[in-house]
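Visitor: I have a model open and want to learn how to read it. Where do we begin?

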Amino acid sequence: MSRPRAKMTNKFPGCPVETTLSFLDGKWKGVILYHLLADGTLRFSELRRRLQAVTQRMLTKQLRELEEQGLVTRTVHPVVPPRVDYALTPLGQSLRPVIMVLEQWGTRHVECLDGERRMIEPDALEETASAA
């Protein structure tokens with residue numbers, strides 16, 4: 001059984017790629033960061049609507065980990081019903097270039113149709129560009 005990436009970073013302290021990936025490790029962390037970058041401060045319920053496939057428990061877990069890592073702040077407003085907002089910290093904002101490059105790569109190389117994901121090969125991209 002493989003160990004989580006976060007536990008492996010202690011073995012590779014000089015590797016900046018491994019360390020950076022440890023902050024994004026988790027199925028939903030990158031997507032959460034993307035939505036907070038794109039939309040700014042969001043309430044828990046707004047994040048839940050944007051990530052329909054995630055369970056409430058998993059979203060809470062991923063948000064707590066991002067908060068512990070110093071990438072996200074959590075603000076609880078003392079109102080009834082309780083309102084909780086999430087926003088990126090300056091450290092979280094510094095991941096903007098990384099997240100935007102991931103978005104660009106996905107837009108260029110992945111096609112989502114009818115609930116199916118399909119990879120777009122680089123050759124297909126060149127053919128499309130040369131046909132235009």
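**Reading the model**

Guide: Begin with the surface. This is a predicted model. The chain exposes about 9,500 Å², and carbon and sulfur atoms supply 56% of that area. Of the chain's 132 residues, 25% count as buried.

Visitor: How many helices and strands does the chain have?

Guide: Eight helices and five strands. From the N terminus, their order is α-α-α-β-α-α-β-β-α-α-β-β-α.

Visitor: How do I read one helix?

Guide: Start with the general idea. An α-helix has 3.6 residues a turn, so residues three or four places apart point the same way. Now the case here. In helix α2, residues 16–24, the buried residues are Glu-18, Ser-22 and Leu-24. They fall within an arc of 160° seen down the axis of α2, so they line one face of the helix.

Visitor: Which residue just after α2 takes a positive phi?

Guide: Gly-26, with a phi of about 135°.

Visitor: What is the volume of the largest pocket?

Guide: About 1,000 Å³. The pocket is lined by 24 residues, and the closest to its centre are Lys-27, Val-31, Leu-102, Gly-106 and Arg-117.

Visitor: Which elements give two or more residues to that lining?

Guide: Helices α2, α3 (29–39) and α7 (96–109), plus strands β4 (110–113) and β5 (116–119). Helix α7 gives the most, with five residues.

Visitor: What is the lining of the largest pocket by class?

Guide: It has 13 nonpolar, four polar and seven charged residues.

Visitor: And contacts along the sequence?

Guide: Take contacts between residues at least 6 apart in sequence. Of these, 41% join residues at least 24 apart.

Definitions and conventions
Residues numbered from 1 in each chain as written. Predicted model: local features only at pLDDT ≥ 70, side-chain atom pairs only at ≥ 80, totals over all residues. Heavy atoms only, no water. Buried < 20%, exposed > 50% of the residue type's maximum accessible area, 1.4 Å probe, protein only. Helix = DSSP H or I, 4+ residues; strand = E, 2+ residues; numbered from the N terminus. Arc of directions from axis to C-beta. 1 Å grid on protein atoms, 1.4 Å probe; cavity = no way out; pocket = protein on both sides within 12 Å on 5 of 7 lines; lining within 4 Å. Points joined across faces, edges and corners; volume = space filled by probe spheres on them. Nonpolar A, V, L, I, M, F, W, Y, C, P; charged D, E, K, R; others polar. Contact = heavy atoms within 4.5 Å. Areas by Shrake-Rupley, 256 points an atom, 1.4 Å probe, with all protein chains shown as cover.
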